[in-house]
Amino acid sequence: RRVTDFVAPLAMTMNGNGAALYNVGCILFMSQACNVELNAVQIITGIVLACMLCMGTITVPGGAAVSLT
């Protein structure tokens, strides 16, 4: 029982990491496509916000795409 209490939340967190990377990649792609220059502070803010957003995103395939809209 103790092992499952640790492994289940760990798997949920690892699934969210991919979604956070996807969101940050989309932010950077859209800024480059629109010729918007982002400085380091804006990029770090985007990374932090994407990580916080993915904590509340549902953990299903394609769940991160819903959070971008």
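Predicted model: local features only at pLDDT ≥ 70, side-chain atom pairs only at ≥ 80, totals over all residues.

Reply: One definition before we start.

Me: Is isoleucine 44 buried or exposed?
Reply: Isoleucine 44 sits in helix α2, which spans residues 40–56. The cut-off for exposed is over 50% relative accessible area. Isoleucine 44 has 53% relative accessibility, so the residue counts as exposed.

Me: What is the pattern of the protein along the sequence?
Reply: The secondary structure comes to three helices. There are zero strands. Read along the sequence, the pattern is therefore α-α-α.

Me: Is serine 31 buried or exposed?
Reply: Serine 31 belongs to helix α1, residues 2–33. Leaving out residues up to four places away in sequence, serine 31 touches Val36 and Leu38. Buried means under 20% relative accessible area. Serine 31 has 10%, so this residue is buried.

Me: What is the phi of asparagine 35 near?
Reply: Asparagine 35 is placed in the loop between α1 and α2. With a relative accessible area of 73%, asparagine 35 is exposed. Most residues other than glycine have a negative phi. Asparagine 35 has a positive value, near 55°.

Me: How many disulfides does the structure hold?
Reply: A disulfide is a covalent bond between the sulfur atoms of two cysteines. Cysteine 26 is buried, at 17% relative accessibility. Cysteine 34 is exposed, at 56%. The number of disulfides in the structure is zero.

Me: What share of the residues in the protein is buried?
Reply: The protein has 69 residues. Buried residues make up 19%.

Me: What part of the accessible surface belongs to carbon and sulfur atoms?
Reply: The accessible surface of the protein comes to about 5,400 Å². The share that belongs to carbon and sulfur atoms is 71%.

Conventions:
Residues numbered from 1 in each chain as written. Heavy atoms only, no water. Helix = DSSP H or I, 4+ residues; strand = E, 2+ residues; numbered from the N terminus. Buried < 20%, exposed > 50% of the residue type's maximum accessible area, 1.4 Å probe, protein only. Contact = heavy atoms within 4.5 Å. Disulfide = S-S within 2.5 Å. Areas by Shrake-Rupley, 256 points an atom, 1.4 Å probe, with all protein chains shown as cover.
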